[in-house]
Every structure is written in structure tokens, then in C-alpha cells.
Amino acid sequence: MTANEALPLAVIASSLLPGLAIFALPERRVGLRTALNLFGAIAKLALVATLLAGVSAGEAYAFRYAVLPGIDLAFKADALALLFITLSAVLWLFTTLYAIGYLEKAPNRSRFFGFFSLCVTATMGIAMAGNLFTFFVFYELLTLATFPLVVHRGTTQAMRGGTIYLAYTLFGGTVLLTGIVWLFALIGHTEFTQGGVLSTRADLPPWKLQSIFLLMILGVGVKAALVPLHGWLPQAMVAPAPVSALLHAVAVVKAGAFGIVRIVYEVFGVEFAQLLNLLFPLALVAAFTIVWGSLRAAFQDDLKKRLAFSTVSQVSYIVLGVALFGPLGTIGGLVHLVHQGIMKITLFFCAGNYAETLGIHKVSELNGAGRRMPLTTLAFTVGALGMMGAPLTAGAVSKAWLMDGAAAAGMGWATGVLWLSSLLSAAYFLPILWRAWLLAPPKAWPTPRIAPHGWRETAWLLLLPPLFTAAATVAAAMLAELSFGTIPVTPLAWARLIAAREYGALNAP
Amino acid sequence: MVWLIALPLGWASLTVLLGPRRGAWTAISALTAQLWLAFELAQTVRATGTVRHAVGGWGAPLGIDLAVDGLSAAMLLLAQGVALPVAIYARAYFKVRSGHPGGVWFWPLLGFLIAGLNALFASADLFNLYVTLELVGLAAVALVAAGGGAPQVAAALRYLFATLLGSGAYLLGVALIYGVYGTVSTATLEPLLTVEAPRLAWIAGLLMLSGLMLKTALFPFHYWLPPAHGGAATPVSALLSALVVKASFYLILRLWIGPFAALVDRIAWLPAVLGATAVIWGSWHALRAVRLKALVAWSTVAQIGYLFLVFPLLGDDRIALHAGGMQMVSHAFAKAAMFTAAGVIVHTTGRDAVAEVAGVASRLPVTLFAFGLAGMTLMGLPPSGGFLAKWLLIEAALARGRWDMVVVVLAGGLLAAAYTFRVLRQAFLLPPSGERRRVERRPIAVLEWTAFVLAAASVAMGLRGMEIVQLLDAGT
Amino acid sequence: MTGGLLFALTGVALFASGVAGVVLIDNLLRRILAFNLMGSGAFLVLVGLAQRNEVADPVPQAMVLTGIVVAVAATALALAMTRKYHALTGRLELTGDDND
Amino acid sequence: MKRLAVTALATGFAVVLVEAMLNLGPAAIDLRIPVRENLAESGVSHAVTAVLLNYRGYDTLLEVAVLLLALVAVLTVTDEADVAFPHMEHPVLQTLARLATPLMTVVAVYLLWAGAFRPGGAFQAGSVLAAAAVLLHLVGLLPGWRSPRLPLRLGLVAGLLTFLAVATAMLARGALLEYPPSMAGGLILLIESVLTVSLALILAGLFLLLSRDEGPS
Amino acid sequence: MMTFAFDLLLALSLLWSGWRALTTRRLDRAIVLFIAFGLLMTLAWARLAAPDIALAEAAIGAGLTGALLLDAYGAIRRRSDRT
């Protein structure tokens, strides 16, 4: 096995092995468990860095293992995979730190961190899947590994959320499987290839390909929370804050979105998908989801639920970007995959801080929170502004590219949708900021748990992660064009690299 | 190969000699040797094709032939592979429950059961197969009855009459076959049994197959299974669900693709329809079962249904056969794991109602993990062996445009998920206050980990699919 | 019509009535009788059909010897369980309630 | 309703089967010829015994296993009850039984020895011995069994173990149970004699074990 | 011809005794009928030129099985009487 084969496996192992070790650990071995977690997270970052350098230099990292005749477990760390891997690896580190602080002295932490690592492993697998078979394996693994996290609190309410979550995702998985096996039966393999495997198979009856596309999109659409398959996401908010942060801002929903990207670009091929008239309906669904999610968000009083619906809306930016035929849209969608992750995780961290520190769960309880917790609220503000697409935030960058893409693709209406969603997100975020900064705090907070120490308004490990991610949100916009020599370091630069490779000749502006 | 039959016969009689409640280590060490033998045999079969042995040196049709091809080798490997962990489990199980009547003569009965299974998988002679069937059947019944209580004895009686009826029909079939052709050697019969076969041969085939279906508890012949498997002592339930029903199914498959291949095409839809019904019916009852072990037993009824879906799909591309083999192997391990895990839960909490396993997640993590992994295989979720079986089954169905079967398979998977998570979500719930003070037995590591090993094996199948398929294809 | 064939036919009838008995009769002892009839029927078919041309055939005869012994073993076990069941419940019929 | 359906089915099945039997040609293979031809090497001159212990000896091996299994099964099911009391204390019957027993033993030995060249053999001999034991029990001269002690257990398994030992010993020079023609007769006789004892004990045991789980009559 | 008539008679009585063993009301009678059936089987085996089976059937089929059945019947009746 060469180094180029070993690296993808190492990336998987760097979270899988610590995870398994943690399961075996007795509850009280806090120190060792923390060490394992951090070691895994940092090791993974190091590996990812190597991969980034290699891939931008044109290296190919791939590994195959035959499971059945004609069916391989295949991993490939290409540019697209790395976009997702890097995002998850970085945010995993932050979330781990956050979770350590958040779950201090909580029961069943071994179980929690064990499954947490499994989720990240699954995410890595999804990102590096070299064919639909592998993709499906890890896609379902993600479902299974998240369930115990969603129901971690063990309350009947948590159980209800978990059950709904399972019902949706398992159903989605079944539909997806049908599509995959059907495709396999048609063409005898399920490989992902640059430009799409089907683009060369115009001989196949279109209706079959169209129904396969439908099945697959339905399958991954559940996790991507496309309306009307989004029902599970708000329910899953019963999970502890770190879970909502990483899984429902990054891992799970992004797995769905990422799946759509792979299916459109590397199974069907974007031109071929356009040829089969598959992109326009997809764009419509995405647009509808964007608007619907924003609308529902505006009417939620529960803070996490509001964020959840905002996620529903924001994730579809990615889908929309993919569905906009043309490199600009692609860049917009891909870059949003990263930007939305950073911004949304910030918001969830902050929501968690409000809940942990002051016991605030509802928007209506946020009055004056800014005075008690200025830093958290600052971070929240940055994230919220980003979501609205305000200038100097990552949100602005992705939105700009998306709009250009829409224009280039001659889909003017999409631009309208984006504007509308910006207004709506303003409508549901600004009141929060207004309450938090400008209104007078109540005489007593709901259930204050953590007392302030000077300017440190809450526990270290709760405070630092959101500040980092908030900073990243701004940085991603300021330094959008930055790159070290040939190695693109910002999400945008990387997205352009991918787009350039996907659309081959015509190089992205 | 011969030793795989002689050895268990030997240690079975030896444990009789040793006396009541003795012989655990004899059995375990012998089973270890057998596992190694089976492994060696599988290697040989993969390398050199079918291994034959003419008992008495006469050779068919005068004598009895043993023949082990890929399928048989896989089953032999499976039998030893499941039996060894279960034996280790049983030793600990009957040690902590020294009063359990099932433990008195458990080891000899186990020995005869394994001997019967191995003899069955190796035999190529219809009448000899009848004797092995009886050996397996009576041993299984005795193991169930050993439970001692009225429910167990009642279940055992039901089981006994079912299995006797089954083997009776099989025997009559053999009698007719001998009457028509004057031989009972499968190898000799294969060329003789053509489409022009006299009607008596057809009737014989139907008799044998339906008798075996009764023994396999295919819907609607499943009535005897849930009480028997759900009521017996845990190690017994594991063995029965994992191996005994598989034995008669193996024989059906063997006859179907062997001697009766020419006759069965036009009735292939029948087992499939029954199988589909079994999938739905079994899952439905599993969803409604009150007792944990009853749930697992009903799930066996459903999973058996899957096996029978393969018959209309059997063809030159051996996908359906692979699916059947994969399903047999992974379900055997998964179901053994599930029963053993359930046994641990029942033993430690002292409750056996599904509604009462709340809080197990934090008290028996290993066991619950085992249960979950086994569940993965039953649901057919990746990366388990059950998933590969499901995949192959769907692939085979699509290859023949049988969308109805695809739907059944997928629906069955979702139902399996439903009843597995019925247990898991209960387990994750916080126990109601006061539960903590309930008197409980201490969990025993051996029990927990044997269950886990079995479950892990059922999942690992998913990564060793290649080897299994190659083995199944060997010697054909 | 030869004697062998005649007994084979008798065997069929016995088998059929035996099966009907096992399925229909609730009394366990009687069910055991029915099972034995079934077995004898099958044995008669085995030998009778093989000897339909009136020439003794040792192979099925040996098989039947084996079969008889197996049958008595099964009968003994069945009786043992029936007696245990009666001792425990005082009943000779299986009722539905001990079913899950 | 069910009764009617089942009866109808059974009858219909029987009719179809009978009809199919009535027009049936000759069998493709006739095993009588090879049985006769190989009788010389089989070690016995009586065809049935040859089939039973040589050609298809493997069946018989498993069959003995089934019997032993049945005994163990009965042991598991019948719990440790007291020894049954003799049913009747009838002096005349007892003397009769006393006379009958040696006679039956002789018959058994004859059957065993005759098996080699004419009807008879281990099973018949064993069952006659067993019948004698049952008789003795019925007239109250032989008590029912407790769970068997070591010597008895030895007697029970001796048959199977010997058979198995001989069978596997043959692996050294060929297939399982492949007797060298010269020794076949001796080996078969050895197996049969041990079998006779074990079978007698097992068959008797089936009865003596079962007849114990009842209190005084 | 004569022999065939005998066979026919034997077959019929086999069927009759077997049938009665299943249907007769009293259990003890049924068992006795079954033993009779066993003895008739012995005859049948003899007619089928199968003396070995005849011996075995007499000793095991009719003898031992019959004894087992009677014994079981007796035990069960006694127990029912006691309770």
C-alpha cells in the first residue's frame, strides 16, 4: 500500500480509532478521554493539511477494497472531497473543545464522545467516497451514529425527536439505496468520475435515468432538509448544543448537500443533467426551500428551532448553486457549503452558551443578554449578519457568487429568491440582535448556572470556539482571494479550483 | 471432513459418560478443533473444488457418499463458528444458574445437535439426510424441553410434532424416489430426474420440499417457532434460530438446485410468495411482541422469509444464490448475537418485557452495542453482512425486473428497523426514578462479550463478502 | 397387482390417515399413535413400492429397520414429554394460551 | 370445518398418490445386483445385515446416535423422581418371568449370531433383551432407573463409541467404515455384540426411565 | 390367487385397526388396537419377505412401543385419579 493509498485511510482512522478507544474507556477517565479526542482532531488536521498541499499540486489519493464482485469500497480524496473534509476537520476540533466544556460532569460522556467520533468518521467517509456504494455505506453509518447523540439526554421528548429523525433518515436511505442499485443494475458500477459517468451513456432510456435521479435526490434530500423532507431537523434540536452545532450545521445536512453535488457533477455530469432537464426542477425545489425555511424561521420563538429553520433555508443555497448551470453558480454553491457551516456553527455555539449560562432557550428571553454576555452576543451578531449576507461577512461572498451565477445561467428569478431570503433572514435575525443589545435585561435570568469572572462571561471552553468561528466568518470575506503561492487557502479559492476542474476548459473568473 | 462428524459424536457420548452438568470444557475444546477443521476444509474446497468421501469405500449408489462443495463448506464453517461462542456463553450461563434444569444434559445434546448438523451439511444421500434430520430435530426438541417449565414442554411438544410431520413427509418422498429410481444418492439421481419424470417423482419432490418448509417454519408453518425459540434457555434459542432452521433451509436449497432442478421452475413463485408474507407477518408480530425474546423469535420468522425470496431469482448468474448464502450466514451470527444479548439483559435486569429495558444503555453498554450491531445486520444497514445480502437480493430482483420483490425487501428492512429500534429507544430512555434501587444481578463479562463477538462477526461479514462469495462458488 | 404394490397402497392410506390424525387430534397420546401410523405407512411404501415386482430388496428393508428404531426413539421422547406435560398441567391437550 | 378440509386433503392426496403408483414403470437402477455381487467382501452372507452394517453402515452409526440421544432427551425431560414401586407382586408371574429371562437371553444371543447369515442381528437381539428387562420390571423384579450411574452410562455409550472407534480406525487405510474384506466379518460381529448390549440397555432404559416418574400405584 | 386374497385381507385389517386406533373413544382400547396393528404389521413384513423387519416390528414396534404406551396411559390415569 503506497502513501497515497494510506492517507485517505489514515484520515478515517484518525477519528475512528479514538472513537472506539473512547467507547472502551470507563466513565471517570476524563483526562485520557480528552487527550484521545484532541489527539484525533489534531492528527486529522495535520493529515488534511498534507492532502490539501498534495491535491492542489495535482496528486491523486485513492484506495479501493473489493467487497463483492464488481462492488468496491472506494475512497478518493479529490478537491471536492477536501472542501468538505477540511470544513468538518476544523469544526470538529472546535466542537470537541466546546463539547468538553459543555458536558462537564454530565453522565455517559464516553458514549457521547464515542458516537461523536463515529459521526465525524462517517462524514469523512461520505466526503471521500469514490462511488455511490461507499457513499451509501457511510451515509447510513452517519444516521446510526447520530441517533444515540440526538437521544443522548434520554428524556421521552428527546426520544420523540430521535424517532422522527430515524423515520425520516432511514426512509431516505431506503429510497437512495433503490436508486443506487438500479443504477448499478443498469451500468454495472457506481463510480464517481469527473464529468459524470452517465454523460457518456446517452444510449440509456432517459425516463430510467430521470427516475434514478429522482430517487437519489429524494434519498439525499432528506438529510439536506429539502422541503418537504425537512421535518426532522427542527425536531432533532432536542439534542445537546454541540450535537446541533456540528451535526445539524455541518455533518448531517452537509452530507445531504454534498451528496447532491456528487450526484449532479460526478454521476450524471452537469451538462448531461441539464440535457435531461433535471437541473431546473432541482433549482425550483431549492428556491422554494430557501423561502419556506426563512418564513418558518421567522415564526419560531424557540431559539434553536429558529436556527434550525434558517439552516433549512441556507443549505438550499448550496443546492441552488449546484442547480444553476454554469461555473459561477457552482463556485457560489460550493463556497457556501463552507461559509454556511462556519456561520451556523457560530450561532449554535452562542445559543448553547445562552442556554448553559443563563438558561435562555427562547428568543423572548433574550432581552438584554448582550449586556450580560457581550462576547457571545458579538459572535452571534457576526454569524447573524453573515446569514443575511451583510458585507464583510462570508455570507456576502457566497451570495455574490450565487447571484452572478444566477445571472450567468439566465435565471433572473433566482436572484430575486436570494434577495427575498436575505430580507427574510434579516426579519428573523434583527429582532434577536435588537432584543439582546438594546432591551433592558430582566430582573432575573431563567436559570443562571455559570457566574461571570470579570470580563469572562462564561466558561472558557464555551466562549472561545464561537469567537474563533466568528473571526473566521469575517476572515473568509476579507481574505477571500488570499493564497500561498499555488496552494489556495480560502474556501473561495478552493471552490474556484474545483469549478475549474469540473468545467474543464472554461476557467472560472 | 469425516472428523467434523465423528468428533462431535465422540464428545457427545463422552459427555454422557462424564455425567450430569459435566463436560463443558470437553465440548469447548472439541468445538475449537472442529472450527479449525471446518476452516481447513473450506480452504481445500476453495482451492480444489468439491471434496467427496465414499463411506465404506463402496460409493453411490450402493454405499453412501459425502460431498462438500462451497455451499456445504460455508454452512459447516458457519455451524462451528456459531456453536463455539454459544458454547462458551452457555458454560457461563449455566454456571450462574446452577439450578437450571436445561444445564443437566446440555452438553451431550449440543454434541448430537452439532454432529447432526455437520452430517446433514456433508451428506449426499437422501435417506442418510433423513437420519441426520431426525438427529437434529430430536436434539433441538430435547434442548427446548429441557427448559423444564410447562410453557417450554408445551412448546417442545408443538415443535416435536411439527418436526416429525416434516421428516415424515420427507421420508415418504424418499420412499417414492427409491421406488421410482431405485436409488437415493443425489449424484445418481440428478441426471435421472428430468422434466419427463413420472408424476410420482414430482409428488415426491413436493412432499420432501413441503416437509422441509414445515421444519424451516416458513409461513404459514411458522406457528411452532416463536414459543419454541422464545421460550427455550437463551443458548438454546441462539442455536435454534441461528443453525437449526438454516439446516432445513440449506437442504431445500440443495435439493432445489440439485436433483429437483428440472422440476421446480414452475412452482418457484410459491415459496417466494410465502416468504414475502412471512417477512411482513413476522415483522408485524415482532413489533407487537411483549417479551424481548419473543420479539427476537418473531424476527426470525421474518428473516426466514427473506431466504425464500431467492427461489424465483435463482439462475446462471449466481447472484440470488449468493444473496441466500450471505443472508444465511449473516443472519445466523446476528440472531445468535441478538438472543445472547437479550439473554444478558433479561438475566441482569430480571425483567423480560420490552417495555422494561429502560436504562440498559448506561448499565450494559457492551450488550446493547451487540444488540444494536445485530440489529444493523437484520435491518440490512451497511456495512453489515445483512446489507450485502439485501444488496444482492435487490440486484437479482432488478436483473429480472421483479420490482415487487424489491419493494418487499426494502419494506422488510424498514420493519426490521422499526422493531429493533423499539428495543434500542427503550434502552436509551432514562429509567424511571426508583428503578436504580431494584435488586439486579451483576452483569457477567463472558456473556456480554460472547454476544458482542457474535454481533461483530455478523457485521464483519459485510467486509469479507468477497471470500464468502468465492467460497459459495467453489466446487461448482 | 402384486402384493408389494398392494402393501404400498395400504401404506399410502395409512400415511394419509396418520397425517390427518397428527393434524386433527388434540389428545397427545393419540397424536403419538397417529404419528406411528404415519411412520408405518411410509415404511410400507418404501419396501412395498421397491418390491412391486415381488423380488425382495435388502436395501429398503435395511432402511426400514433404521426407520423403525428412529421412530421408537421419537415415540419415547414424545411420551416422556407428554407425561411431563400432564404432570405439570394435568392436561393431555395443548392449549393456545402457552403460545406467545 | 378444519376437520373436513384436512380429511378432504388427505384423501385427495392419497388418491393422487395411488393413481400415480398404479401406472409406474420399472426402476432405473436395481441395487439388488451390486448388493449380491459384493456380498463376498461384505463379511456377512445375509444381505440385509450387509446393507445395515457395511454398505450403509453409516446410516446405522447415526441411528445408534439417535437412540442414545433419545435416551439423554428422556433423561432431561423426566426429572429426578423416586424409583417407581413395582406394579404387582404376583408370585406366579414372577416365577414365569424368572424362567423366561434366561430363555430370552439365549434367543437374543442366537439372533445376534444368526444375523451374519440369516434374519436377525443386533437390533432384534437387543430389543429381545430389552423386552426381558421390561418384563422383569413389570412383574416387580427390576426397579425403575434413577439417573444412571457411571457403569450403566458406560454400558449405554459403549455401543456408539465402539462403532465410532472401528469406523474411524478404518480411516487409517481408506474411507470411513471401509473394512478390509478379510476382517469385515470379525469387525461386524464385534460391533454387533457391543451394540446388542448398548441397544438393550438403551431400549430398556427408555422404558425404565419413563416408568419412574409416578408415585405409588 | 389365494395368497393375494390373504394379502388383501391383511391390508384391509391393517387399515381397519389403524383407523380404529385413531377413532375409538376409549384411550386404552385405542392403544390395544395399536398393538394389534403392530402385530398385523409383523405379518405384513413377513408377507413382504422381510423377516428382519418382522422381528424388529414385533419386538420394537408392537412390543416396546406398546409397553411404553400402556405404561404412559397407566401413569397418566393414576395421576388423574390421585388429583
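Six residue pairs, both members at pLDDT 80 or more, are in polar contact across the interface of chain D and chain C. A polar contact is a pair of N or O atoms within 3.5 Å; within protein, one atom must be able to donate a hydrogen and the other to accept it, and residues adjacent in sequence count only if both atoms are side-chain atoms. The model is predicted: local features need pLDDT of at least 70 and side-chain atom pairs count only at pLDDT 80 or more, whereas totals for chains, interfaces and linings use all residues. Residues are numbered from 1 along each chain as its sequence is written, chains are lettered from A and ligands numbered from 1 in the order in which they are written, and side-chain values use heavy atoms, with hydrogens and water left out.

### Chains D and C

This interface contains zero salt bridges, a salt bridge being a side-chain nitrogen of Lys or Arg within 4 Å of a carboxyl oxygen of Asp or Glu. Contact (heavy atoms within 4.5 Å) involves 41 residues of chain D and 36 residues of chain C. The size of an interface is often given as the accessible area lost when the parts come together. Buried area is taken here with a 1.4 Å probe as the accessible area that two parts lose on being put together, summed over both. Two interfaces are listed below by this quantity.

| Interface | Buried area | Share on carbon and sulfur atoms |
|---|---|---|
| Chain B and chain D | about 4,400 Å² | 79% |
| Chain D and chain C | about 3,100 Å² | 77% |

Of the area that chain D buries against chain C, 22% comes from D:Met21, D:Arg32 and D:Val77, more than from any other three residues. Helices α1 (2–22), α2 (32–37), α4, α5 (57–77), α7 (122–138) and α9 of chain D each contribute at least two residues to the side that touches chain C. Such elements are DSSP runs numbered from the N terminus, helices being H or I with at least four residues and strands E with at least two. The most comes from α1(D), with 11 residues. By class, this side of chain D has 27 nonpolar, five polar and nine charged residues; Ala, Val, Leu, Ile, Met, Phe, Trp, Tyr, Cys and Pro count as nonpolar, Asp, Glu, Lys and Arg as charged, and the others, Gly among them, as polar.

### Chains B and D

Two salt bridges are counted between chain B and chain D. B:Asp125 pairs in a salt bridge with D:Arg56, with the closest N and O atoms 2.8 Å apart. B:Arg199 forms a salt bridge with D:Glu19, and here the closest N and O atoms are 2.6 Å apart. B:Arg199 belongs to helix α8 of chain B and D:Glu19 to helix α1 of chain D, so this pair joins two chains. Over all chains the count reaches 22 salt bridges.

Nine residue pairs, both at pLDDT 80 or more, are in polar contact across the interface of chain B and chain D.

### Chain pairs without contact

Chain A and chain C do not touch, and their nearest C-alpha atoms are 27 Å apart. No contact joins chain A and chain D either; their closest C-alpha atoms lie 37 Å apart.

### Helix packing within chain D

Two packed helices are described by the angle between their axes and the distance between the axes. The axes of α4 (residues 47–55) and α9 (residues 181–210) of chain D come within 11 Å and cross at roughly 90°. Axes are lines fitted to C-alpha atoms, for helices over the stretch in contact, and angles run from 0 to 180 degrees between N-to-C directions. α4(D) and α9(D) are therefore roughly perpendicular to each other, since angles under 35 degrees count as roughly parallel, over 145 as roughly antiparallel, 65 to 115 as roughly perpendicular and the rest as oblique. In α4(D), D:Thr49, D:Leu53 and D:Asn54 meet D:Ile188, D:Ile191 and D:Glu192 of α9(D). This contact has three nonpolar, two polar and one charged residues.

### Backbone details

In chain A, a cis peptide bond with omega of about 5° joins A:Val227 and A:Pro228. A:Pro228 is placed in the loop between α7 (206–223) and α8 (232–235) of chain A. A:Ala225 also lies in the loop between α7 and α8 of chain A, and has a positive phi of about 60° although it is not a glycine. In chain B, the peptide bond from B:Ala60 to B:Pro61 is cis, with omega near 0°; B:Pro61 is found in the loop between β1 and β2 of chain B.
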